[in-house]
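Please keep the structure open while going through them.

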Amino acid sequence: MHSLTLLLLLPVIGAIIISILPSQSTLIRTAAIAFASITLLYAISFIFAFDTNSSALQFSKIVPWNTRMGTSFALGIDGISFPMVLLATLLCFIAIIASQSITERTKGYYLLMLLLESAMLGVFMAQDWSLFYVFWEFTLIPLFFLIDRWGGKRRSMASLNFVLYTMGGSVFMLLSLLVLFDATPGHSFAMDAMLEGARALPEQTQVLIFLGFLVGFGVKMPIFPIHGWLPLAHVEAPSPVSILLSGILLKMGAYGLIRTAFMLPEAVLSLQTFLMVLALFSLIYGGLLAWRQSDLKGMIAYSSISHMGVVLLGIAALNISGITGALMQMVAHGLVAGALFLLIGLLYERTHTREITDYSSLVKITPRFAVFTSLAFLAAVGMPGTAGFIAELHVIIGAFEQWGWTVLLVSIGVMISAAYAARTMGRLFTGPSHGNMDDISDLKPVELFAASILVFGFLYIGFFPAFTLDLMSASTNNFSQLFMSLK
Amino acid sequence: MNEANSILKAFVWLIPLLPMLGTLAIAIGFISGKNRGESGEKQTTLIANGTALLSLLIVLAVDLHAIVIGIPGHLELAQWFSSGDYQITLSFNLDTFALVMMTLVAIISVMMIRFSVNYMHREAGYQRFFMIMNLFMGAMLLIVMAGNVVLMFTGWELAGVSSYLLIAYVYDRPIATQNATRVFITNRIGDAGFIIAIFLSFHLLKTLEWNEILSSADSLSPLGSNILAASFLLAAIAKSAQVPFAPWISRAIEGPTPSSAIFYGSLMVHAGVYLIIRLQPVLDNAPIIMTTLALIGLLTVAYGFFSNLVQTDVKSNLIFSTTSQVGLMFFSCGMGWFELASWHLVLHAIWRAYQFLHAPAIMHMMDHKTRPVHPILKRQGWLYTASLQRFWLDPMADWLLVRPIKRIAHDTDRFDERVINRLVGLPEQTSAITSIADWEMHKSASEMSAAEKYEVSRGHGIAGKILENLADMLFWFEEHLVLKSGGDGLLKVLNIVGHYLLQIEELLSQPRYLILLILITFAVII
């Protein structure tokens, strides 16, 4: 019995239950964890029913919604969205577990977290552009409050900034959608119907429409130069929210872009070089700025830009290795950035500082932190044996097939990431003891559990990538074949 | 015959392996603390003698087999490794000469190991000594038995290493370690020749097996056979201490007496001769090398003879006479008298081993008196000086090779430190921080300052500086354009617009403007 609607509604049910609990109750956290884990387990159970050989939509459910407008409530998953759904449920579970430090207004917090989870799942499962757009915008509401009410010092600015940026991008996306809707013969928002309409358009129009989408999704991804919201939002958001922000929210942008690329292949083909340049620039730009940061969270935020540059590069390569690498990198970065924000967040709760220079010699005091954080940083560099390596390797192979030696720049990006990862590890864990952090406690069992899941995740994929690759293979094949036939 | 050979194949590899296993067993015992100190001597002795003896027994069995059934010849046991058409087998070449040599090596080694039990009693490093002796025995057996060049080279190197270890047996004496290093390096020059020879035989003959090399030697071009022979010759003269490599052997007697006996008196010094004799078919086609061989032999004979005349201690006497004898063997090879050379080799090995072992005892028995200067040397003063100085071979090598290399090394080091390290961004060695403790001292001296924050994103070396500047530039761009005018700027614009709208709203809420607006509306409608 596998129903995507149930999966979508599970967190909502949790949110409703939380809303009727008394506001100071300790039950709230328990209920939130319970529903997050049920959702996670339910999502995992889909693995056994998921057919990896088919590139078609699976478990799809279509209910006409507004027939005059051509909208419908259509859900479905394929090899591209299913890994994202798994990632989203996993990271939400981790984020909720890691929310121990949120002690005030817990009711609102957990309620919003569960709503956010539902909205994100909706984005990945929607098979109708109108539904997609609704969920897309709906993620903003919980996020706005989560950052604005539980964030750091400059939280109001960060939340407003974030919403404005995303809304601004969404306007372009909406415009493109409307133009497409107009061009679709059956006047429908259903993804497959729009797909046919879109592919019939002349190349010029396709390019314009694609550019609209690119702005909309590029803000979320983010792509240079429309990433202005990200450093502030990541730094100011409470750590569990940062996990979700960089772990899943960024992937929504990339996911949308993949769907759009599939819809407007000719436009992507003609913009291929442009996308490559953007990707490489983001990659190096993000890396260099991450290196320049002395704020730990800021550093991870900028490193996200760099890593998402790899995703964009993979997409732009438009071949099987590239798209596989892009998807892999989305999963890998979700796990790695999740782990990093989790660990740094926990560290921040103990020390109340994010300045790298305030830390030193932690390996003596908090060996568990040291081990896990080092592993996470190594994974961020894409060390062989971690998921990032599989991803970057695929992307580099794909990009090399497409552009040849230009991808040398990717290696420079990787080297820069190695530079800041190694520096940060050195700063945090080695060196002389400052004496001011001698009494901070190491990871507690719950935190250890959360961190180990993520670390296990990226190590497992790093050592045994076959399973994850299988999950994606049919859809990525389908994707690359489309472009092979166009070339 | 084949069946008999297959039985042989099952055991023959144990001959060189058993002594080496003995080494391993003693080493394991020592590491685990089982046979340390005097109490462990018995166990060590048992292992060393047992494995050596067992090896000898197998050797004798093989001999018996050869006498009864026939010479086994070339035995190929297994493939060691292969890469492309490069293939190395585990094979043994048991022809008559190898059998004789094998028996000789095994017997002398076993006797020497047995002798050492008493000689080394209560010496520090007793276990170490036997480990090395056993290793040497295995290595030597490997040299004489090896069926291909690479396997022989393995033995060749192991013998070199054990020789190094034994010369430096008393490793706390600077002279011993210095001599050991010198000997080892001299030997390495010969090894280079051996490696080139391996390459050449693979390149020219497409094989590394002895039997194939020797049988196809005739097919080589004159140039090819000369070069091949020359490379092997280099290896041989270095191992057998011929001029100009001769001085190493007098340094080598630094080791304990039994080891001098087995290594330099009787076995290892003959390895070169063995190699030359084995190479007979190749040498037959290389007349130039034959002449060189004879010349080197003669020179060495002269070198050994004259140097010997001025020696006053028995060990040096013996070693120089060994040198001249081996020189004679080379000379006979050079003249083409390989048969003679092999007889000479075997007999000399036995005789010299006996002499070396006997030397300390002779010294005890003899009424020792300094020998007068030989009449030849008396007449020729320069020859006397030259002999005393051992013909300046060592200083010459120093002047020609050691000092220039040292100077180049020094310059490269300076270059590395002054230029490369700075470019790469490594700390200079002179000011390098060598330990965490140093670093902590260094740090606490200059407390965390404001510069510390800058320190986080500071690059070292050229790449680091480029990175730093690029990052600074992008950071400025990010701060001013993306964050300030992008994010914050957006808010600011909204605020201003909102402010104006509010004013308009306020104006509109005043009755006169409202009425005006209504009037305008009417006007438009009408």
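This is a predicted model: local features need pLDDT of at least 70, side-chain atom pairs count only at pLDDT 80 or more; totals for chains, interfaces and linings use all residues.

**Notes on the two chains**

1. In chain A, helix α15 (residues 320-351) packs against helix α20 (residues 445-463) at an angle of about 155 degrees, and the two axes lie 9 Å apart. Because an angle over 145 degrees counts as roughly antiparallel, α15(A) is roughly antiparallel to α20(A). The crossing of α15(A) past α20(A) is left-handed.

2. Which residues bring α15(A) and α20(A) together? From α15(A) the contact draws on Val331(A), Ala332(A), Leu335(A), Val336(A), Gly338(A), Ala339(A), Leu342(A), Leu343(A) and Leu346(A), and these meet Glu447(A), Ala450(A), Ala451(A), Leu454(A), Val455(A), Gly457(A), Phe458(A) and Ile461(A) of α20(A). Sorted by class, the contact between α15(A) and α20(A) comprises 14 nonpolar residues, two polar ones and one charged residue.

3. Of the 487 residues in chain A, 59% are buried, and among contacts in chain A with a separation of 6 or more, 79% are accounted for by residues 24 or more positions apart.

4. Chain B has 22 helices and two strands, and 38% of its 526 residues count as buried. Among the contacts in chain B between residues at least 6 apart in sequence, those that join residues at least 24 apart make up 73%.

5. On the α4(B) side the contact is made by Ala98(B), Met101(B), Met102(B), Val105(B), Ala106(B), Ser109(B), Ile113(B) and Ser116(B), and on the α5(B) side by Phe129(B), Met133(B), Met137(B), Met140(B), Leu141(B), Val144(B) and Met145(B). By class, the contact of α4(B) with α5(B) contains 13 nonpolar and two polar residues, and no charged ones.

6. How many of the 20 residues of α5(B) are buried? The count is 19, and α5(B) is thus mostly covered. The length of α5(B) can also be checked: at 1.5 Å a residue, its 20 residues should span 28 Å, and the end C-alpha atoms are 29 Å apart, which agrees.

7. Ser116(B), which lies in helix α4 of chain B, deserves a separate look. Is Ser116(B) buried or exposed? Ser116(B) has 25 other C-beta atoms within 10 Å, and because 20 or more make a residue buried, Ser116(B) is buried. Apart from its neighbours within four places in sequence, Ser116(B) is in contact with Phe129(B), Met133(B) and Pro258(B). Ser116(B) and Thr257(B), although 141 residues apart in sequence, are 8.9 Å apart in space from C-alpha to C-alpha.

8. Val301(B) belongs to helix α13 (residues 287-309) of chain B and is buried, with 21 other C-beta atoms within 10 Å. Not counting residues up to four places away in sequence, Val301(B) touches Ser324(B), Gly327(B), Leu328(B) and Phe331(B). Phe320(B) is 19 residues from Val301(B) in sequence and 9.2 Å from it in space, C-alpha to C-alpha.

9. In chain A the peptide bond from Met221(A) to Pro222(A) is cis, with omega near -10 degrees, and Pro222(A) sits in the loop between α9 (203-220) and α10 (229-236). In chain B the peptide bond from Val243(B) to Pro244(B) is cis, with omega near 10 degrees, and Pro244(B) sits in the loop between α9 (222-239) and α10 (247-252).

10. Where does Ala241(B) lie? Ala241(B) is in the loop between α9 and α10 of chain B, and its phi is positive, about 55 degrees, although it is not a glycine. Ala241(B) is buried, with 29 other C-beta atoms within 10 Å. His352(A), in the loop between α15 and α16 (362-365) of chain A, also has a positive phi, near 55 degrees, whereas His352(A) is exposed, with 8 other C-beta atoms within 10 Å.

Technical notes
Residues are numbered from 1 along each chain as its sequence is written. Chains are lettered from A and ligands numbered from 1 in the order in which they are written. A residue is buried if 20 or more other C-beta atoms lie within 10 Å of its own, exposed if 12 or fewer, and partly exposed in between; C-beta atoms are placed from the backbone. Two residues are in contact if their C-beta atoms, placed from the backbone, lie within 7 Å. Helices (H or I, at least four residues) and strands (E, at least two) are DSSP runs, numbered from the N terminus. Ala, Val, Leu, Ile, Met, Phe, Trp, Tyr, Cys and Pro count as nonpolar, Asp, Glu, Lys and Arg as charged, and the others, Gly among them, as polar. The expected span of a helix is 1.5 Å times one less than its number of residues. Axes are lines fitted to C-alpha atoms, for helices over the stretch in contact, and angles run from 0 to 180 degrees between N-to-C directions. Angles under 35 degrees count as roughly parallel, over 145 as roughly antiparallel, 65 to 115 as roughly perpendicular and the rest as oblique. A crossing is left-handed if the near helix is turned anticlockwise from the far one by less than a right angle, and right-handed if clockwise.
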